[in-house]
Amino acid sequence: MTEESFEKYLTHFIKFVKCSLDNKVLLILDNHNSHMSPNGLDVYKNNGIILLTLPPHTSHKLQPLDVYVYGPFKTYFNQESDSFMVNNPGKTINLKNIPTLAGRAHQRAFTPLNITKGFEHRGICPYNPNIFSHADLAFASVPDRPNTGIENQQIRVEAVNLVPNEPGNEDEDIAGPSTSDTNTGEATHITPPKNAVTSLKTPEEVRPYPSAPPRKTQGKRKPTRTKILTDTPNLEE
């Protein structure tokens with residue numbers, strides 16, 4: 001999305017919503033830079049559009065169309081693609097087939113019921129400020145899980161001491177099978193050598209976890225917050 005393409009969208013939005021200074025509407029968007037162009041802000045003010053931006057890292061919960069419209073659209077498009085390949089064996093999907101497949105998926109996903117459900121279940125319309133708890137939008141906390149379970153148990157590793165025997169110990173037995181009678185049905189076992197060294201090691205010590213590369217700092221957007229861009233203090237910024 002660019003500033004120019006978003007301004008074209010605003011023209012389409014104003015034409016069909018029929019908003020004006022006497023009939024204002026609320027437009028909820030994320031904090032993408034294309035929504036904050038100077039020309040776009042003038043369009044908002046002159047046509048009665050109140051622009052409210054979502055808080056950072058909350059769009060997966062607060063955007064009404066993500067779950068109830070775009071999610072089903074992807075599912076239906078994949079179903080239409082599977083049906084196309086079944087009905088046309090050996091034929092690949094090209095650019096000419098995509099509009100037809102997307103159009104069928106669009107009719108199934110972009111229904112008034114799905115759209116209204118998206119706004120209702122996100123607490124936007126009707127307004128419900130208690131639809132989410134603080135835990136729903138809390139920061140991720142990875143290392144707070146308790147170290148329980150089989151995956152965290154220590155593994156016993158037996159290593160043989162490769163240092164030669166000390167003088168006088170040349171006749172000591174080397175590890176070998178036990179002398180138990182095979183007719184008794186007992187399983188034979190290997191006795192560890194007397195000079196074996198036993199230690200406990202965790203999987204992380206045997207093979208350390210790979211570390212992620214450092215984050216790139218170039219091109220990072222400034223942290224922002226939710227705000228009404230058409231308010232006077234925000235316009236002055």
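Modeller: A polar contact is a pair of N or O atoms within 3.5 Å; within protein, one of the two must be able to donate a hydrogen and the other to accept it, and residues adjacent in sequence count only if both atoms are side-chain atoms. A pair of this kind links the side chains of S34 and H32, at a distance of 2.8 Å. The model is predicted, with local features needing pLDDT of at least 70 and side-chain atom pairs pLDDT 80 or more, whereas totals for chains, interfaces and linings use all residues. Residues are numbered from 1 along each chain as its sequence is written, and side-chain values use heavy atoms, without hydrogens or water.

S34 sits in the loop that runs between strand β1 (25-29) and helix α2 (38-46), where helices (H or I, at least four residues) and strands (E, at least two) are DSSP runs numbered from the N terminus. S34 counts as buried because its relative accessibility is 3%, with buried meaning under 20% relative accessible area, exposed over 50% and partly exposed in between (1.4 Å probe, protein chains only). Once its neighbours within four places in sequence are set aside, S34 is in contact (heavy atoms within 4.5 Å) with M1, T2, E3 and F6.

L10 belongs to helix α1, and with a relative accessibility of 0% it is likewise classed as buried. Beyond the residues up to four places away in sequence, L10 touches L27, G40, V43 and Y44. For one of these pairs the spacing can be given: L10 and G40 lie 30 residues apart along the sequence, while their C-alpha atoms are 8.0 Å apart in space.

The loop between α1 (3-17) and β1 holds K18, which is exposed, at 59% relative accessibility. The backbone of K18 also deserves a careful look, as its phi is near 60°, a positive value in a residue other than glycine. C19, in turn, is buried, with 7% relative accessible area, whereas C125 is exposed at 52%. No disulfide (a pair of cysteine sulfur atoms within 2.5 Å) is present in the structure. C125 also takes part in a cis peptide bond, the one leading from C125 to P126, with omega near 0°; P126 itself is placed in the loop between α6 (112-121) and β3 (155-160).

T230 and D42 are 188 residues apart along the chain, yet a separation of 8.8 Å is found between their C-alpha atoms.

As for the whole, the protein has eight helices and four strands, and these elements follow one another from the N terminus in the order α-β-α-β-α-α-α-α-β-β-α-α. When contacts between residues at least 6 apart in sequence are considered, 70% of them join residues at least 24 apart.
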